[in-house]
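Here is a short report for a reader meeting this chain for the first time. Look at the structure, then read on.

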Amino acid sequence: MVGMGVLLECLDHPEVEEVLVIGRNRVDVEHPKLNQLIHKDFSSFTGVKERLKGYDGCFYCLGISAAGLTEEKYKLITWDYTMALAQVLYENNPGMTFNYVSGVGTDSSEKGRMMWARVKGKTENDLLKMGFKKAFMFRPGIIIPLRGIRSRTKGYQFMYDYFMWLVKLIKAISPGSVVDTTRIGLAMINSMLEGYPEKIIRPKDIIILSESTE
């Protein structure tokens, strides 16, 4: 859901010349700026290293719910996959911006009781230590999908289908706690183009960044 939102904003943005989507399957989008790399093994990207040269930013939107997963399995998808790509990108493009979609409640201490929050915290910390010129950890919280985007997570889509009125009510009461897929995409682009003083990007920061112009 977030990845599609970011993709659509990148394709529309005049400062973005080219987009490479890496996935196990093709996305159903056609655009002159868009290239797609089908890659089945997310535990290693060394075999496609040459394809990943020359980029200014990585907007990493892969994620999964921890519900029903062991810590080992969740860590494989959340930490191992992320670091496998990040390491190859850093070797190719150390001056790039690496943006990672994390979540509200992530545990930067890596010591809390919530398994998913510890793993996300470790992933954030290791990305920030890797050495990219710029790296931002996006913690969006409640997200409203726009532009016809639907969530692949059945529980989330159920909430959007039947409880969007509640999400909109929360936004009306607390505008800084709810963002949408368009704002996330614009915030990622602007963080790459302009930078931002904070490394942890919370909903209020996403709103500020999405409205930012040079």
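Glutamate 110 counts as partly exposed because its relative accessible area is 29%. Glutamate 110 sits in the loop between strand S4 (97-101) and helix H3 (115-130). Its phi is positive, about 65 degrees, although glutamate 110 is not a glycine. Most residues other than glycine have a negative phi.

The model is predicted, so local features need pLDDT of at least 70 and side-chain atom pairs count only at pLDDT 80 or more, while totals for chains, interfaces and linings use all residues. Residues are numbered from 1 along each chain as its sequence is written, and side-chain values use heavy atoms, with hydrogens and water left out.

**The chain as a whole**

The protein chain has six helices and eight strands. Helices (H or I, at least four residues) and strands (E, at least two) are DSSP runs, numbered from the N terminus. Along the sequence the pattern reads α-β-β-β-α-β-α-β-β-α-β-α-β-α. The protein chain holds 214 residues, and buried residues make up 48% of them.

**The sheet**

Which strands form the open sheet, and in what order? Four strands do, in the order S3-S4-S5-S8, with parallel pairing. Two strands pair if DSSP finds at least two bridges between them. Strands of a sheet pair through backbone hydrogen bonds, either parallel or antiparallel. The edges are strand S3 (57-60) and strand S8 (200-201), each pairing on one side only.

S3 and S4 pair in the parallel sense over four bridges. Glycine 57 has threonine 97 in S4 as its bridge partner. Cysteine 58 also belongs to S3. Cysteine 58 is buried because its relative accessible area is 10%.

Now take S4. Five of its five residues are buried, so S4 is mostly covered under the 20% limit. Thr97, Asn99 and Val101 point one way from S4, while Phe98 and Tyr100 point the other way. All of these residues are buried.

Phenylalanine 138 stands opposite isoleucine 201 in S8.

**Salt bridges**

A salt bridge is a side-chain nitrogen of Lys or Arg within 4 Å of a carboxyl oxygen of Asp or Glu. By this rule the count is nine.

| Pair | Closest N and O atoms |
|---|---|
| Lysine 49 and glutamate 91 | 2.9 Å |
| Lysine 53 and glutamate 50 | 3.1 Å |
| Glutamate 211 and arginine 183 | 3.2 Å |

Lysine 49 and glutamate 91 form a salt bridge. This pair links distant parts of the chain, 42 residues apart: lysine 49 is in the loop between strand S2 (34-38) and S3, and glutamate 91 is in helix H2 (residues 71-92). Lysine 49 is partly exposed because its relative accessibility is 27%. Glutamate 91, at 45% relative accessibility, is also partly exposed.

Lysine 53 bonds to glutamate 50 through a salt bridge. With a relative accessible area of 42%, lysine 53 is partly exposed. Glutamate 50 is exposed because its value is 59%.

Glutamate 211 forms a salt bridge with arginine 183. Here too distant parts of the chain are linked, 28 residues apart: glutamate 211 is in the segment after helix H6 (203-210), and arginine 183 is in helix H5 (residues 181-194). Glutamate 211 is exposed at 52% relative accessibility, whereas arginine 183 is partly exposed at 25%. Elsewhere, salt bridges that share partners join Lys122, Asp126 and Lys129 into one network.

**A charged patch**

Which residues form the negative surface patch? They are Glu15, Glu17, Glu18 and Asp56. Patches are made of residues with over 30% relative accessible area and no salt bridge: like charges are joined within 9 Å, nonpolar side chains (Val, Leu, Ile, Met, Phe, Trp, Tyr) within 5 Å. Asp and Glu count as negative, Lys and Arg as positive; His and the chain ends are not counted. Each charge is placed at NZ of Lys, CZ of Arg, CG of Asp or CD of Glu. Accessible areas come from the Shrake-Rupley method with a 1.4 Å probe, and for residues only the protein chains shown count as cover.

Glutamate 15 lies in the loop between helix H1 (2-12) and strand S1 (19-23). Glutamate 15 counts as exposed because its relative accessibility is 52%.

How values were computed. Buried < 20%, exposed > 50% of the residue type's maximum accessible area, 1.4 Å probe, protein only.
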